[in-house]
Amino acid sequence: MNLSRRSFFQLALLSGLAPRLWGSSPAVAKRRVRVLSRKRRTVDPWIEISKDALRHNTQQVSRLAGGRPILAVVKNNAYGLGLENASSILAKFPEIGGFAAVKASSCLKLREKGISKPVLLMGLTPNEHGIELIRHDIQLSAYTPDAVERLTPLARKAGKPASVHFYLDTGMGRMGMPYRKALPWMKTVASSPLISVEGTFMAFTEDQEFDLEQLERFKDLLGKAQSDRVPTGRIHAASSNGLYHLPEAHFDMVRPGIALFGAYPSRPDEERGKAALIPAFSLKTSVVRVARLEKGDSVSYGRNYIAEKPTWVATLSIGHGDGYARKAVDGAEVLIGDKLYPVIGAVSASHTLVEVGDDKTVDVGDTATLIGPEHPAIHPNNFADTVGVSVYDVLMHMNPDLDRVVI
Ligand SMILES: *Cc1c(COP(=O)(O)O)cnc(C)c1O
């Protein structure tokens with residue numbers, strides 16, 4: 001394909017011309033990188049990851065689980081914290097027995113980062129990555145009727161057996177082999193010499209009553225498998241909700257995600273009483289404009305906010321494209337310095353507005369914290385409740401491209 005004139009110039013700009021245009025020698029460029037990493041100089045939003053909070057949450061989870069190993073779920077970019085950062089920190093904690101993710105690429109990335117603990121792929125094994133996954137000792141989920149036909153050719157080509165966990169559907173109806181059909185299928189899969197069964201698991205619907213029914217179905221099936229001498233490996237079922245509310249479902253290990261990252265799964269007040277967590281991330285950005293409004297002046301798209309009296313407003317360089325919820329206008333506040341300011345107008349793709357009030361207490365360049373442990377009002381669970389979104393969305397929608405800084 002021919003390069004168009006325009007893309008040629010863009011390439012030239014990127015490769016060689018740009019440093020000359022910016023007038024920076026290699027030495028200057030190097031210094032700039034160092035300054036940036038030591039102290040932030042950019043105005044773009046970023047996420048701070050707290051090692052201490054991750055350690056604290058891991059210990060709390062471990063205590064709730066009676067010391068059972070933790071299979072840490074790091075799907076969706078480790079719930080927005082950043083897969084590589086969060087997993088490298090968690091991997092050092094002795095309570096973490098392994099990792100689970102839904103995408104093959106995430107599992108492989110953990111190995112690339114040098115993480116040697118067990119890793120479970122909870123999604124379908126893609127044919128094109130199958131051999132690589134087996135060679136890297138990624139444990140695979142078996143749940144399709146054709147699991148043997150799918151996995152044994154890959155194992156043969158990889159030159160070693162595929163380690164699998166039976167993924168059983170006890171009523172979630174999303175993934176897993178339906179429990180009514182599972183027993184004969186488990187026998188067939190387990191009898192393959194190219195498949196080694198390392199575990200068996202299920203997921204709860206997190207409907208308080210139905211969870212108990214699911215648990216009975218699971219235990220019944222496990223009992224039958226045991227009497228038929230079908231290997232089941234290590235048994236796991238409880239995500240963060242089950243960790244807090246279903247101790248009968250802790251089995252051989254627990255499988256939480258969100259609790260490790262410091263948010264409560266279902267009933268924050270009750271859960272805080274059982275084990276208090278600390279949000280392990282802060283979503284931050286900078287104030288990029290401060291302006292005075294006169295009575296009747298409006299801000300943002302749709303003129304959603306009109307000043308009833310003269311007041312100061314500040315614009316923050318973060319928007320829904322960065323993962324800050326549009327619904328933040330429905331009552332969320334932002335911490336700047338030690339004061340909270342209400343979000344007003346509209347959260348647009350790259351900007352959010354807050355009302356500062358009568359006095360100009362905010363300056364361009366100030367740091368604004370939108371979600372984090374710094375104040376109860378911006379705790380992820382409070383933010384989620386205030387604006388009416390799921391706390392899972394609050395974490396997982398943080399844009400993967402934002403800078404992550406480990407503190
Ligand atoms: C996401 C997920 C988990 C972790 O759930 P949390 O509620 O974040 O603890 C566990 N198991 C499966 C199958 C999942 O998809």
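A residue is called buried here when its relative accessible area is under 20%, and the legends below apply that cut-off to a predicted model.

**View 1. The aromatic pair formed by Y79 and F261.** Both Y79 and F261 are buried, and their ring centres lie 5.1 Å apart with the planes at 35°, so the pair is tilted. Y79 belongs to helix α4 (residues 75–79), whereas F261 sits in the loop between α11 (240–245) and α12 (268–274), so the pair ties together parts of the chain that are 182 residues apart in sequence. A search of the whole structure finds seven aromatic pairs.

**View 2. The aromatic cluster of Y143, Y167 and F201**. These three residues, Y143, Y167 and F201, form one aromatic cluster.

**View 3. The crossing of helices α5 and α6.** The axes of α5 (residues 83–91) and α6 (residues 104–112) come within 10 Å and cross at roughly 55°, which makes α5 oblique to α6. The crossing of these two helices is right-handed. On the α5 side the contact is made by L83, E84 and S87, and on the α6 side by S106, K109 and L110; by class, the contact has two nonpolar, two polar and two charged residues.

**View 4. The surroundings of S348.** S348 is placed in the loop between β15 (339–344) and β16 (352–357), and it counts as buried because its relative accessibility is 13%. When its neighbours within four places in sequence are left aside, S348 is in contact with Y301, G319 and H320.

Note on methods. Residues numbered from 1 in each chain as written. Predicted model: local features only at pLDDT ≥ 70, side-chain atom pairs only at ≥ 80, totals over all residues. Heavy atoms only, no water. Axes fitted to C-alpha atoms, helices over the stretch in contact; angles between N-to-C directions. Helix = DSSP H or I, 4+ residues; strand = E, 2+ residues; numbered from the N terminus. Parallel < 35°, antiparallel > 145°, perpendicular 65-115°, else oblique. Left-handed = near helix turned anticlockwise from the far one by under 90°. Contact = heavy atoms within 4.5 Å. Nonpolar A, V, L, I, M, F, W, Y, C, P; charged D, E, K, R; others polar. Buried < 20%, exposed > 50% of the residue type's maximum accessible area, 1.4 Å probe, protein only. Phe/Tyr/Trp six-rings, centres within 6.5 Å; stacked < 30°, edge-to-face > 60°.
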